[in-house]
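Open the model in your viewer and keep the selection panel at hand. The tour below moves from one selection to the next.

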Amino acid sequence: QVQLVESGGGLVQAGGSLRLSCTASGIIFRSNAMGWYRQAPGKQREFFARITGGGLTYYVDSVKGRFTISRDNAKNTVYLQMNSLKPEDTAVYYCNGVPPRFRDSDGDYWGQGTQVTVSS
């Protein structure tokens, strides 16, 4: 049974930092590229960061230089260090493969995610 559990979100002031975690079970974690996605209120979910099994990273321009994705294959966990947060980073954050490929027992790609709220 596949399970992806995101955590670490919260309320932070603009310019602050948060570290998100996503722990996976039921998948061969080390073999898969993992990514972070987010969905802001009223907007579509968007991909913004990826890390391969070997540690190569990619970021979209809006987060490049502020966010860092990393992984610990021994812990089946992918992390997202977010610095210099902006109000426009406010969203629910999710992880999955890239492209999304892991479904839970209900057939959904997306779990509850973790809420990040950045106040101005």
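A charge sits over a ring if NZ of Lys or CZ of Arg is within 6 Å of the ring centre and within 35 degrees of the ring normal. Keep in mind that this is a predicted model.

**Stop 1: charges over rings**

Select Arg38 and Phe48. The charged end of Arg38 lies over the Phe48 ring, 5.1 Å from its centre. Now select Arg45 and Tyr94. Here the charged end of Arg45 sits over the ring of Tyr94, at 4.4 Å from the centre.

**Stop 2: the salt bridges**

Arg66 is in the loop between strand E6 (57-59) and strand E7 (67-72), while Asp89 is in the loop between E8 and E9; the pair links distant parts of the chain, 23 residues apart. Arg66 is buried, as is Asp89.

Arg38, Glu46, Arg66 and Asp89 are linked in a network of salt bridges. How many salt bridges does the whole structure hold? A search finds 4.

Asp61 has 64% relative accessibility, so Asp61 counts as exposed. Lys64, at 49%, counts as partly exposed, because the exposed class begins over 50%.

**Stop 3: the aromatic pairs**

Now turn to the rings. The structure has 7 aromatic pairs. Select Tyr37 and Trp110. Their ring centres are 4.9 Å apart and their planes stand at 65°, so the pair is edge-to-face; the cut-off for that class is over 60 degrees. Tyr37 lies in strand E4 and Trp110 in the loop between E9 and strand E10 (114-119), so the contact ties together parts 73 residues apart in sequence. Tyr37 has 5% relative accessibility and counts as buried.

Next, pick Phe48 and Tyr93. These rings also form an edge-to-face pair, 5.6 Å centre to centre with 80° between the planes. Phe48 is in strand E5 (residues 46-51) and Tyr93 in strand E9, 45 residues apart. Phe48 is at 0% relative accessibility and counts as buried. Tyr93 is at 0% too, and likewise counts as buried.

Which residues do ring pairs link into a cluster? Select Tyr37, Phe47, Tyr58, Tyr94, Tyr109 and Trp110 to see them.

**Stop 4**

Select E10 and colour its two faces. Thr114, Val116 and Val118 make up the covered face. Gln115, Thr117 and Ser119 make up the uncovered one.

E2 and E10 run parallel, joined by 4 bridges. Look for Val12: Val118 in E10 stands opposite.

Finish with E9. E9 and E10 run antiparallel, with 3 bridges between them. Zoom in on Ala91, whose bridge partner in E10 is Val116. Val116 belongs to the covered face of E10.

Note on methods. Residues are numbered from 1 along each chain as its sequence is written. This is a predicted model: local features need pLDDT of at least 70, side-chain atom pairs count only at pLDDT 80 or more; totals for chains, interfaces and linings use all residues. Side-chain values use heavy atoms; hydrogens and water are left out. A salt bridge is a side-chain nitrogen of Lys or Arg within 4 Å of a carboxyl oxygen of Asp or Glu. Buried means under 20% relative accessible area, exposed over 50%, partly exposed in between (1.4 Å probe, protein chains only). Rings of Phe, Tyr and Trp (its six-membered ring) pair if their centres lie within 6.5 Å; planes under 30 degrees apart count as stacked, over 60 as edge-to-face and the rest as tilted. Two strands pair if DSSP finds at least two bridges between them.
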